[in-house]
Amino acid sequence: MPMQKVSNEVGLEAKDPFELRVNLGVEVSESAVTSALKTGDTGFLHSFTTGSTVDGPGVRVVAWTAGCQFRCLYCHNPDTWNMMNGMPVTLDRAIEALRKYRHGLKLMFGGFTLSGGEPLMQDRFAARLFTAAKSLGIHTALDTNGYLGERLSDNELEQIDVVLLDIKAWDPEKHRQLTAKEVGPTLDFARRLAARKRPIWLRYVLVPGLTDDENDINQIAMFAARLGNVARVDVLPFHQMGRYKWKKLGVDYALDEVAAAAPWLVERVCGQFRAVGLTAY
Ligand code: SF4
């Protein structure tokens, strides 16, 4: 069934992922969505952005997917939770967009990152896009919460040069309160990546008073060090750039009063990862 492009005014490229985008796919029928998810012929994207230097090595083109099964209290992009907020984009169109950038990305030692939302909500589209990117000679990165990692086969994992894996919390109850989901599948995916020797960049969002518990962070650090495939850790200080989206979407935002993470706190947490031999920024 052909997909309908709903909005002619909204282009695939956005200035940055903090641009609020909603209801780009509302007129796509349920059966078309089901078929798209099964085949990967079409993906639902919030946007493409170019020139990122924080989503993998070098300069990156990033495709932001729509749809996420987590509900992180600190989410910067709640407009990506609902897949129907994404724009239907055929796999061919996405590959063409990548082809356009491939020479520039090579010159800038960069590549392509699939982020979200949670890209593995659209695992067939993700796997096929990574395979296409690799065949174009483009370095690939997957930015994921890891919950659906089992959806990728071992061969598909080989198409991903680095996994940017978010571990949100160590304590199972804290993780549930923070994300509304279990932590176990994320840790299992990390172990599987280690067994397959696929590099991980670990990402940890640091929120004062919420995810700054020393013991919890030490547990994550020791787990990551034992894996043996964590190339670096990025401690991402919480900020309020996504707050306006919660308000506009009319969703209760629990972190309204929370301040951005201070440099001394970021340094303390980086120090905890460094203490177990990891490289942390
Ligand atoms: S996993 Fe990412 S996109 Fe999903 S709710 Fe959490 S922060 Fe938001």
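1. Asp-171 caps the N-terminal end of helix α5, with a side-chain oxygen 3.2 Å from the backbone nitrogen of Glu-173; helices here are DSSP runs of H or I with at least four residues, numbered from the N terminus. This is a predicted model, in which local features need pLDDT of at least 70 and side-chain atom pairs count only at pLDDT 80 or more, while totals for chains, interfaces and linings use all residues. Residues are numbered from 1 along each chain as its sequence is written, and side-chain values use heavy atoms, leaving out hydrogens and water.

2. Helix α5 spans residues 172-179, and His-175, Leu-178 and Thr-179 are buried in it, where buried means under 20% relative accessible area with a 1.4 Å probe, protein chains only. Viewed down the axis of α5, the buried residues fall within an arc of 75°, so they line one face of the helix; the arc is taken from the directions from the helix axis to the C-beta atoms. Just after α5, Ala-180 takes a positive phi of about 75°.

3. The largest nonpolar core has 60 residues, and those with the most contacts inside it are Leu-98, Phe-112, Leu-129, Leu-202 and Phe-273; such a core joins buried Ala, Val, Leu, Ile, Met, Phe, Trp, Tyr and Cys residues through side-chain atoms within 4.5 Å. Apart from this core lies another, of 15 residues, among them Phe-238 and Trp-246.

4. The structure holds 0 disulfides, a disulfide being a pair of cysteine sulfur atoms within 2.5 Å. The sulfur of Cys-270 is 20 Å from the closest cysteine sulfur, in Cys-72, which is too far for a bond. Cys-270 is buried, with a relative accessible area of 1%, and Cys-72 is buried at 7%.

Technical notes:
Buried means under 20% relative accessible area, exposed over 50%, partly exposed in between (1.4 Å probe, protein chains only). Helices (H or I, at least four residues) and strands (E, at least two) are DSSP runs, numbered from the N terminus. A polar contact is a pair of N or O atoms within 3.5 Å; within protein, one must be able to donate a hydrogen and the other to accept it, and residues adjacent in sequence count only if both atoms are side-chain atoms.
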